[in-house]
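Welcome! Try each task before reading its solution.

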Amino acid sequence: MSGTRRIAAFGGVAALAVMLDQVSKAWARTALAGGPAPLVPGVLDLSLVMNTGAAFSIGSGSTWVFVILALVICAGAAVWVVRERQMPASVAAALGAVAGGGVGNLIDRVVARQVTDFLATTFIDFPVFNVADIFVTCGVVIALVLLWRWDAEREGGDEA
């Protein structure tokens, strides 16, 4: 796999994730300051929540722990993408989604000491989340599936 293609996939998806996340959060802080609004009635509302914790508000007030953790994970993913010459661009892109989502929330933590969340499910009781959270979650799931397939291919197995 070309190093340029792999690194471009990682960096491009990461940059896209950060941009979409930060633009959507800026919009949410302005548009939802007056209160929640339905997006898809009975499924998803827009509701502004400022979160000082991690997922599900775990570790509220531990901002710097999450900053350090995000930096380590993002740097680790970037180093892995650069060093693993055989990594498929699809795996690098999935890792870029994780890193980009992490950076999106990292920016909030460093600048405002809290993360802007605004997507609220109404059909189930679930914590309010944001675009960065979507990139991290989907990126992890996709990366795990792609890594499993890539590993099976390298081992010459039939699972892929």
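## Exercise 1: Two helices

In this predicted model, the axes of helix H1 (residues 3-31) and helix H4 (residues 131-155) come within 8 Å and cross at roughly 150 degrees. Work out how H1 and H4 run relative to each other, and find the residues where they meet.

**Solution.** 
- Step 1: Start from the crossing angle, roughly 150 degrees.
- Step 2: Angles over 145 degrees count as roughly antiparallel, so H1 and H4 are roughly antiparallel to each other.
- Step 3: Look for the contact. On the H1 side are Ala 17, Leu 20, Asp 21, Ser 24 and Lys 25, and they meet Val 131, Ala 132 and Phe 135 in H4.
- Step 4: Sort the residues of this contact of H1 with H4: five are nonpolar, one is polar and two are charged.

## Exercise 2: Salt bridges

How many salt bridges does a search of the whole structure find? Trace the network that links Asp 21, Lys 25 and Asp 108.

**Solution.** 
- Step 1: The search finds two salt bridges.
- Step 2: Take Asp 21 and Lys 25, which form a salt bridge with their closest N and O atoms 2.8 Å apart. They lie four residues apart in helix H1, so about one helical turn separates them.
- Step 3: Turn to Asp 108, whose side chain meets that of Lys 25 in a salt bridge of 3.0 Å, N to O. This pair links distant parts of the chain, with Asp 108 in helix H3 (residues 89-112) and Lys 25 in helix H1, 83 residues apart.

## Exercise 3: Buried or exposed?

**Solution.** 
- Step 1: Asp 21 and Lys 25 are both buried.

Key. Residues numbered from 1 in each chain as written. Predicted model: local features only at pLDDT ≥ 70, side-chain atom pairs only at ≥ 80, totals over all residues. Heavy atoms only, no water. Axes fitted to C-alpha atoms, helices over the stretch in contact; angles between N-to-C directions. Parallel < 35°, antiparallel > 145°, perpendicular 65-115°, else oblique. Contact = heavy atoms within 4.5 Å. Nonpolar A, V, L, I, M, F, W, Y, C, P; charged D, E, K, R; others polar. Salt bridge = Lys/Arg side-chain N within 4 Å of Asp/Glu carboxyl O. Buried < 20%, exposed > 50% of the residue type's maximum accessible area, 1.4 Å probe, protein only.
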